[in-house]
Amino acid sequence: MSENEMSVFGVSAAEEDIYRHFLRNPDTPVDGIHLRLHIEPDTARRCLGRLCELGLLQSTGTDELISPTDPEVALARLVDVRLHELHQELQRVTRSRHVVDGLRAELGARSPSPQGIEQLEGLAEIRDRIDDLAFFARDEILSVEPYTSMSPENIERSRPLDLRCLRRGVRIRSVVLRKVLQDGPTAGYLRELHSHGAMIRVVEDTTERILVYDRAAALVPLDPQDTSRGALLANNNGIVANIIALFEKIWDEAEDLAQVDPTDGDNVASGLSGTEQRVLALMCSVGKDEEGARELGVSVRTYRRYVADLMEMLGAASRAQAALLARERGWI
């Protein structure tokens, strides 16, 4: 038998051999297939039945002839089925957070942490714990983050985590500084999250750094002026409630990102629409048009039209020159 390359789709080695046989010999009778492939007759019958169920084979309706489905069509269907199964499995895993909570409760009963507070040291430990909390979040993530820009590395690291949460139905409410909108890639990323359902607001000034997961765990820096010194993770109901109250106060005083005029003040993309701002940011941060179109949620053809319009607006002969001119004008 050949190497079982289709096992990822739940297709056995024997089933794959039979499917490959019919690809090489379409519209052949099923009689004697077990002899040709040196397998048991019962095994051959089971494999043929399952291949028909999976849509890899289909009867021609004449003299018990079997015809293979085009691999591109058949495998696209199997990919969709497999992705659906994986999504369901992921949902089951994320709903298992209560198991972790129960085990931690057992640990707490044996050796309770003082006042429900855990100190995290070093950026690596903090990032690992944030990844863990985000992965298991079921309902809501609250954040106040007073950064003025995000590095391309941080954007690429955060994007899959944030989008995964949003796809799972986790509500994200985030407050950022208005000044962050002066950084093209960061502003584009925030608007991308907003387009996927994240609720983002901006404030003129804040020094608070807050992360709250499912209203049960809150993360704050040990020293707000130096996050590298570590962080405190609170699980105490009273402490978390106070941190949430502070978040809600900041949230109420903030302005919705969708209501912020992109031409306001010193914003980088003066005269551009919100979509044009995002396209400009994507031109500078992604390599392929297909990726940019996917991030923007439009067809590749539409994305390329936006790019062409921006290049014409900038008077640029190439994308590299467009990026340079945009930076010189303070658009990104």
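Q: What places the charged end of Arg 173 over the ring of Trp 251?
A: The rule asks for NZ of Lys or CZ of Arg within 6 Å of the ring centre and within 35 degrees of the ring normal. The charged end of Arg 173 is 4.6 Å from the centre of the Trp 251 ring, and it sits over that ring.

Q: What kind of model is this, and how are the residues numbered?
A: This is a predicted model: local features need pLDDT of at least 70, side-chain atom pairs count only at pLDDT 80 or more, and totals for chains, interfaces and linings use all residues. Residues are numbered from 1 along each chain as its sequence is written, and side-chain values use heavy atoms, leaving out hydrogens and water.

Q: How confident is the predictor in the protein chain?
A: The score is pLDDT, the predictor's confidence in each residue, from 0 to 100. The chain has a mean of 80, and 83% of its residues reach 70 or more. Over residues 109-113 the pLDDT is below 50, and this stretch has one contact (heavy atoms within 4.5 Å) beyond near neighbours in sequence. Residues 263-270 also stay under 50, but the model gives them 18 contacts beyond four places in sequence.

Q: How many aromatic pairs are there?
A: Two. Rings of Phe, Tyr and Trp (its six-membered ring) pair if their centres lie within 6.5 Å; planes under 30 degrees apart are stacked, over 60 edge-to-face, and the rest tilted.

Q: Why is the pair of Phe 135 and Phe 136 called edge-to-face?
A: The ring centres are 5.2 Å apart, so they pair, and the planes stand at 85°, so the pair is edge-to-face.

Q: Why is the pair of Phe 247 and Trp 251 called stacked?
A: The centres are 5.8 Å apart and the planes are at 25°, so the pair is stacked. Both residues lie in helix H9 (residues 237-253), four residues apart, which is about one helical turn. Helices (H or I, at least four residues) and strands (E, at least two) are DSSP runs, numbered from the N terminus.

Q: Is Phe 247 buried or exposed?
A: Buried means under 20% relative accessible area, exposed over 50%, and partly exposed in between (1.4 Å probe, protein chains only). Phe 247 has 0%, so it counts as buried. Trp 251 has 7%, so it is buried too.

Q: How do Phe 135 and Phe 136 score by that rule?
A: Phe 135 has 23%, so it is partly exposed. Phe 136 has 15%, so it is buried.

Q: What makes strand S4 (117-120) and strand S11 (255-256) edge strands?
A: The open sheet has eight strands in the order S4-S10-S9-S8-S5-S6-S7-S11, with mixed pairing. S4 and S11 each have a single partner strand, so one side of each is left without a neighbour in the sheet.

Q: How do you know that S5 and S6 pair?
A: Pairing takes at least two DSSP bridges between two strands. S5 and S6 run parallel and are joined by six. Leu 142 stands opposite Arg 173 in S6.

Q: In which sense do strand S9 (residues 217-221) and strand S10 (residues 231-234) pair?
A: They pair in the antiparallel sense, over four bridges. Here Ala 218 stands opposite Ala 234 in S10.
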